[in-house]
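Hi everyone, thanks for making time. Have a look at it first.

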Amino acid sequence: MASEEAAGQLFAADALLPTGWARNVLLQWDPSGRFTHIEEGAAPPAGVLAAPGPLLPGMPNLHSHAFQRAFAGLTEYRARSQDSFWSWRDLMYRFAAHIAPESLEAIATWLYVEMLETGYTSVCEFHYLHHDPSGQPYADDAELAHALLRAARAAGIGLTLLPVLYQTSGFGGQAPRSAQARFIRSTDNMLSLLERLVPTTQAQGAVLGLAPHSLRAVPPDSLREAVAGITALNPQAPIHIHIAEQTQEVQDCIAWSGQRPVQWLLDHVPVDARWCLVHATHMKPFEYAAAARTGAVAGLCPSTEANLGDGLFDMQQWLAHAGAWGVGSDSHACVNAAEELMLLEYGQRLALRQRNVLASSAHTQVATATTLQAVAGGAQAAGRRIAGLAVGQQADMLALDAQHVALAGLDAERMLAAHVFASQRSSALHSLWVGGRPRVVAGRHDLHDKAAHAFVAARQATIAAD
Ligand SMILES: [Zn+2]
């Protein structure tokens, strides 16, 4: 590892800084991988590597359940007269029941390689598979968390680890189902797990947070205690929760409490900018306003939300309240940062029968506006210094290939638009760095073949165990 601990520099003829596009940019970082100097209008220095095309900030992936990558594509058939999120969830539980620790590590390693090759430089892992298939803790109670940490380290992706608190199968304290046995922890048990994970996560530069699974899976007292517990451990720790993804969940929450999920959460828990509201698909106008006011990030997963038939988040309302947002690949039916941005924009276009809905007043190009906003929101949700090409932030970045047929001859901003809307959305991605270390070169990660083989074997083993 020591050989990687070197300061570095890169010259980019075009770079997307937090303020917008800049020309002739020299970027320098220190041995810890943080930008120390970013200069616009620089002369290309001799002997300094030049980016092969427009330089972009690396995209944080704010929502991932790694094991589900091995299950993606396996539920695209009709199993009953009307399939739904809930029938998908039954199949997902069946698959989850057979995941062994070594399989999880292989699946996650390949997934993280894929993420790096498609523009994500870090990932928030919403980790709820805790115990063995019978629901018993492993000899090392953090076995599966450690598998994810090893996978992230091997691939070289930044990690925010969010162990999930899961206690009930429905609102009002309904007992968990047997299929949920691998997820269940008491609040005290969760807090001891978090304490145990502090040194391990710190050692690899990962951030540790907490994910109360959802209001249906965590009773109010547990939610308050767990939030107080993680806050005592680290007042800045990120807190992520699935919320208002499905209309059934909204109806159940109203039947239980008289309030909608987001409304209940904001009324009963001190939600602030540490929080990521994952999905938040079904909100009324007053909830959009109140949730945006807290400073929490909306965690949008357009490909998964489409795949599961969740519904559409109303971006125009959220942006009218200056709400922060980022993207996640969640169930990993799609693993591609640019594709999530494209699908997000397309969902709004289909709903509104308009075009270029997510352009901003500062950036009329949708790809520029959405990239900058998703990087800022994703960094906030990750609780890491990965908010783009700026001094003090980690050197997480990627370069497009200016010679790619979809991009060649265009100006930099149109190259990004072509990457998002008019290419295969990873074919023009040439190089990618995490903390200044090259992880993808000429479109390939070093571990590509090895990790792919191990993933296929792990998926076969999991299916065979069913
Ligand atoms: Zn999720």
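Let me begin with what I mean by a pocket: on a 1 Å grid over the protein atoms alone, a pocket is an open set of points with protein on both sides within 12 Å along at least five of seven lines, whereas a cavity is a set of points where a 1.4 Å probe fits but cannot get out, and lining residues have an atom within 4 Å of a point. Grid points are joined across faces, edges and corners, and a volume is the space filled by probe spheres set on the points.

Two words on where this comes from. This is a predicted model, in which local features need pLDDT of at least 70 and side-chain atom pairs count only at pLDDT 80 or more, while totals for chains, interfaces and linings use all residues. Residues are numbered from 1 along each chain as its sequence is written, and side-chain values use heavy atoms, with hydrogens and water left out.

So, the second largest pocket. Its volume is about 260 Å³. There are 13 residues in the lining, and Asp83, Ser84, Trp88, Asn307 and Leu308 lie nearest the centre. At least two lining residues come from each of α1 (85-96) and α9 (302-307); helices here are DSSP runs of H or I with at least four residues, strands are runs of E with at least two, and both are numbered from the N terminus. Which helix gives the most to this lining? That is α1, with 4 residues. By class, the lining holds 6 nonpolar, 5 polar and 2 charged residues, where Ala, Val, Leu, Ile, Met, Phe, Trp, Tyr, Cys and Pro count as nonpolar, Asp, Glu, Lys and Arg as charged, and the others, Gly among them, as polar.

How many cavities of 30 Å³ or more does a search of the whole structure find? The search gives 4. The largest cavity has a volume of about 180 Å³. It is lined by 20 residues, and Phe85, Trp88, Met92, His213 and His242 are the closest to its centre. Here, too, α1 gives the most to the lining, this time with 5 residues. The classes split into 8 nonpolar, 7 polar and 5 charged.

The second largest cavity holds about 130 Å³ of space. Among its 15 lining residues, Leu56, Ala337, Ala338, Leu398 and His419 are the closest to the centre. Two or more lining residues come from each of β4 (55-57), α11 (337-352) and α13. This lining has 10 nonpolar, 4 polar and 1 charged residues.

That brings us to α13 and its partner. The axes of α12 (residues 366-382) and α13 (residues 412-421) come within 8 Å and cross at roughly 80°; axes are lines fitted to C-alpha atoms, for helices over the stretch in contact, and angles run from 0 to 180 degrees between N-to-C directions. The two helices, α12 and α13, are therefore roughly perpendicular, a label for angles of 65 to 115 degrees, with under 35 counted as roughly parallel, over 145 as roughly antiparallel and the rest as oblique. On the α12 side, Val366, Ala367, Thr368 and Thr371 meet Glu413, Leu416, Ala417, Val420 and Phe421 of α13, contact meaning heavy atoms within 4.5 Å. Together they make 6 nonpolar, 2 polar and 1 charged residues.

Next, α8 (residues 285-293). Its buried residues are Glu287, Tyr288, Ala289, Ala290, Ala291 and Ala292; buried means under 20% relative accessible area, exposed over 50%, and partly exposed in between, with a 1.4 Å probe and protein chains only. Their cover includes α7 (261-268), β11 (275-279) and α10 (315-320). Just after α8, glycine 295 takes a positive phi of about 85°.

Two residues other than glycine have a positive phi as well. Histidine 332, at about 65°, sits in the loop between β13 (324-327) and α11 and is buried, with a relative accessible area of 0%. Asparagine 356 has a phi near 55°; its place is in the loop between α11 and α12, and it is partly exposed at 37%.

Last, threonine 75. Is this residue buried or exposed? Threonine 75 is buried, with a relative accessible area of 14%. It lies in the loop between β5 (59-64) and α1, and touches Trp88 and Leu91, leaving out residues up to four places away in sequence.
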